[in-house]
Amino acid sequence: MDNSQDWSKEFKTLLSSPLGKELLAELTKLKQRLQDEAAEADGAETAFGLLREAGGVIKAIEHLMFLSAVLPIDEGSKDN
């Protein structure tokens, strides 16, 4: 993705669409399932691995939400 282009409107449109809402819902379900499996895991190492996976899903959700935020582009950061 080109850093000089503002993609926030496209991401906002995606996340407000039925597809985007389904994507976020599925990611949220995956996160919850991983957390539930971690709570029921037999060993600490397994639980830790599952929680790390859940953390990755959380980061993905947060990143998509961040990309959809309408943030003003600082004029000094634009490439001319």
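Biologist: How many Å does H2 reach from its first C-alpha to its last?

Modeller: The model is a predicted one. In it, H2 has 22 residues, for which 32 Å is expected at 1.5 Å a residue.

Biologist: What is the mean pLDDT of H2, where confidence is highest?

Modeller: For the protein, the mean pLDDT is 87, and 81% of the residues reach 70 or more. Confidence is lowest in helix H1 (residues 8-16), with a mean of 91. In H2, the mean is 97.

Biologist: Which helices do the buried residues of H2 pack against?

Modeller: The buried residues of H2 are Gly20, Leu24, Leu27, Lys31, Leu34 and Ala38. Seen down the axis of H2, they fall within an arc of 90 degrees, so they line one face of the helix. On the other side of H2, the exposed residues are Pro18, Leu19, Lys21, Lys29 and Ala39. The partners of the buried residues are H1 and helix H3 (44-68).

Biologist: Which side chain of opposite charge is nearest to Lys31?

Modeller: Lys31 lies in helix H2, residues 18-39, and is buried. With neighbours within four places in sequence left aside, Lys31 is in contact with Ala54, Val57 and Ile58. Lys31 has no salt bridge, a pairing that requires a nitrogen and a carboxyl oxygen within 4 Å. At a distance of 8.4 Å, the nearest side chain of opposite charge is Asp36.

Biologist: With which residue does Lys29 form a salt bridge?

Modeller: Lys29 counts as exposed because its relative accessibility, 51%, is over the 50% cut-off. The closest N and O atoms of the pair are 3.4 Å apart, and the partner is Glu26.

Biologist: How far apart are the closest N and O atoms of Glu37 and Arg33?

Modeller: Glu37 and Arg33 are 4 residues apart in helix H2 and are therefore separated by about one helical turn. Glu37 is partly exposed, with a relative accessible area of 35%, and Arg33 also counts as partly exposed, at 45%. The two residues form a salt bridge, and their closest N and O atoms are separated by 3.5 Å.

How values were computed: Residues are numbered from 1 along each chain as its sequence is written. This is a predicted model: local features need pLDDT of at least 70, side-chain atom pairs count only at pLDDT 80 or more; totals for chains, interfaces and linings use all residues. Side-chain values use heavy atoms; hydrogens and water are left out. Helices (H or I, at least four residues) and strands (E, at least two) are DSSP runs, numbered from the N terminus. Buried means under 20% relative accessible area, exposed over 50%, partly exposed in between (1.4 Å probe, protein chains only). Lys and Arg count as positive and Asp and Glu as negative; His and the chain ends are not counted. Contact means heavy atoms within 4.5 Å. pLDDT is the predictor's confidence in each residue, from 0 to 100. The expected span of a helix is 1.5 Å times one less than its number of residues. The arc is that of the directions from the helix axis to the C-beta atoms.
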